[in-house]
Amino acid sequence: MCGLLLKTWRETRWLTVICCAAILVVEVVLTCIVPRLQQNLPTMLNSFPFMRDMISGLLGIKVRNTISPAVFSAILWIHPVVFVILWAHQVIFHTRYPAAEIDRGTVDLLLGLPVSRGWVYLSEALAATMSVILVIGFALLGHVIGRSLARSGFYPPVGQILIILLNLLLLLLAIGGITSLFSAMSNRRGYAIGWAVAVVAASSLVSFAAQWWPILETPATVSVMEYYYPAGVLMGGGWPVRNMIVLAAVAMVTWSLGASITTRRSICTV
Amino acid sequence: MRCKSAESSRTMNAPAIHCEQLTRRYGRRIGIEALNLDVPRGAIFGFLGPNGAGKTTTIRLLMGMLRPHGGRAEIFGDDCWRHSAAIKREVGYLPGDLRLYPYMTGRSALRCFGRIRGQDLQEQGSKLAEQFKLDLDVKVGRMSRGTRQKLGLVLAMAHRPKLLILDEPSNGLDPLMQRQLHDLLRQQANEGATVFFSSHTLSEVEQLCDRVAIVRQGRIVADDDLKSLRSKAPRRVTIVFEAQATHEPPAILRIEQREGLCWQCEWVGDAGPLIQWAARQPLRDLTINEPDLEVMFHRHYHAKGEAS
């Protein structure tokens with residue numbers, strides 16, 4: 001296991017470093033500018049009324065002329081740039097095995113070693129989880145640095161942020177599980193990435209659009225994004241236990257299905 | 001306890017490779033069909049066949065990459081699908097279409113694979129690299145195809161496996177390195193290892209093997225030791241007469257061409273009866289060539305209809 005983890009680390013260290021650096025910079029910048037945005041919110045909403053819908057969709061709440069600073073700070077954890085970095089990390093990491101190994105033909109060499117497919121799958125998942133925890137840690141570090149630079153009492157206590165980050169981690173594990181499932185079923189990494197991105201994008205879109213179209217409320221319940229709701233935590237909702245359980249269950253089920261398929265399927269590189 | 005010792009004695013006495021009615025299909029297309037094969041321990045076993053005959057499919061089934069649709073494959077008495085990981089402790093494998101991690105050097109590959117195997121491969125790997133004249137400090141991405149093949153062979157042999165499974169190992173190697181590879185494989189066999197390799201080059205198999213199986217359209221069409229195959233192979237015979245032959249030639253002498261007093265013929269089996277017949281003929285010259293395996297293999301390759 002240790003040898004496999006070291007191999008995975010060697011192959012993914014730059015992905016982790018780049019994602020950590022990117023999320024750190026994005027969080028520092030967002031943390032510094034969000035208080036200013038919040039101050040100008042009434043003017044902005046009057047000038048650009050469509051912004052009201054955009055922000056409502058993002059935060060998952062009805063926006064009037066103003067939003068409390070604490071709730072508005074949820075933007076930091078749902079901003080599209082933040083999501084793109086985190087999703088990219090998960091999708092790249094979780095399509096490495098078996099899809100990418102089969103695609104580049106190195107799986108023959110890897111599985112020619114005395115390792116079971118299950119162990120390789122487990123070691124990849126462990127490495128991915130450690131890496132995503134590190135990336136989320138850097139997001140928090142960026143936020144803390146931004147807070148000290150902004151010198152504002154705008155933000156809620158770090159305890160509440162940690163609850164959001166735990167919810168975010170479970171969301172990312174669920175996305176990782178879904179991606180692993182597609183990877184387990186593919187011989188081409190491109191297909192696995194394509195399907196994973198399509199599912200995550202569709203999930204986001206349904207969740208976003210369900211704010212205005214009641215017809216999408218039922219389909220939105222199967223969207224993983226529906227179970228990540230930072231504004232709810234910041235509005236004093238406490239621990240989103242139900243959301244966390246659902247995300248953890250999705251992660252476990254999809255990951256286990258992926259593992260089962262990987263260990264049972266035939267592997268063809270030619 | 002008794003059960004365990006019976007199991008261990010079964011695996012101790014089991015052949016290196018045993019396939020029974022092994023079948024694998026790709027949709028409607030047959031990969032291999034009801035293939036039976038036994039490779040004794042310590043043998044150098046050649047697995048011959050044209051492209052698409054089922055050599056790589058058989059090897060991938062042995063390596064646990066493909067799940068059989070019928071029958072079973074065993075290595076040292078253990079099922080290749082169910083005990084794949086455990087089996088590979090004793091197996092060195094070279095894939096036919098070798099792809100190595102491009103960021104690795106030979107040395108880092110030995111380190112990485114050694115860690116996964118829980119074994120230090122550096123010393124033996126360096127010795128093998130020296131024999132193959134391979135620089136272990138060059139990155140795989142910068143290696144030529146032949147050099148990558150050499151590294152693949154080093155990685156397959158560095159842990160001193162009991163069984164080597166090599167899919168067309170001499171692909172991409174120059175004649176000098178091919179000879180080096182043959183010497184190394186003979187050396188491994190002398191030390192007790194079993195070598196199972198696929199090839200479509202008869203001369204390679206002839207030079208190296210104790211035993212050969214020929215696969216065609218997913219079925220074994222011949223499986224015998226080389227000596228026995230040679231005895232079944234046709235010999236080219238040239239007979240030059242002083243005058244017309246006085247007796248009818250033996251029935252098994254197949255005359256391919258008659259040009260005046262010179263006959264080009266084919267003969268299968270012991271040369272004794274042929275020499276006896278020739279002694280009674282007014283001969284000027286008689287040439288009996290070595291058994292020609294090439295002709296036999298070509299007949300197997302191109303035979304029409306279902307294999308026996």
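**Cysteines and an open sheet**

Modeller: Cys80(B) is buried, at 1% relative accessible area. This is a predicted model, where local features need pLDDT of at least 70, side-chain atom pairs count only at pLDDT 80 or more, and totals for chains, interfaces and linings use all residues. Residues are numbered from 1 along each chain as written, chains are lettered from A and ligands numbered from 1 in written order, and side-chain values use heavy atoms, without hydrogens or water.

Colleague: Why is Cys80(B) called buried?

Modeller: Buried means under 20% relative accessible area, exposed over 50%, partly exposed in between (1.4 Å probe, protein chains only). Cys80(B) has 1%, so the word is buried.

Colleague: Why does Cys32(A) count as partly exposed?

Modeller: Its relative accessibility is 25%, so Cys32(A) falls in the in-between class.

Colleague: What makes β6 and β10 of chain B edge strands?

Modeller: The open sheet has six strands, in the order β6-β7-β8-β3-β9-β10 (chain B), with mixed pairing. β6 (91–94) and β10 (219–225) each have a single partner strand, so one side of each lacks a neighbour in the sheet. Strands are DSSP runs (E, at least two residues), numbered from the N terminus.

Colleague: How do you know that β6(B) and β7(B) pair?

Modeller: Pairing takes at least two DSSP bridges between two strands. β6(B) and β7(B), residues 163–167, have four, in the parallel sense. Tyr93(B) has Ile165(B) of β7(B) as its bridge partner.
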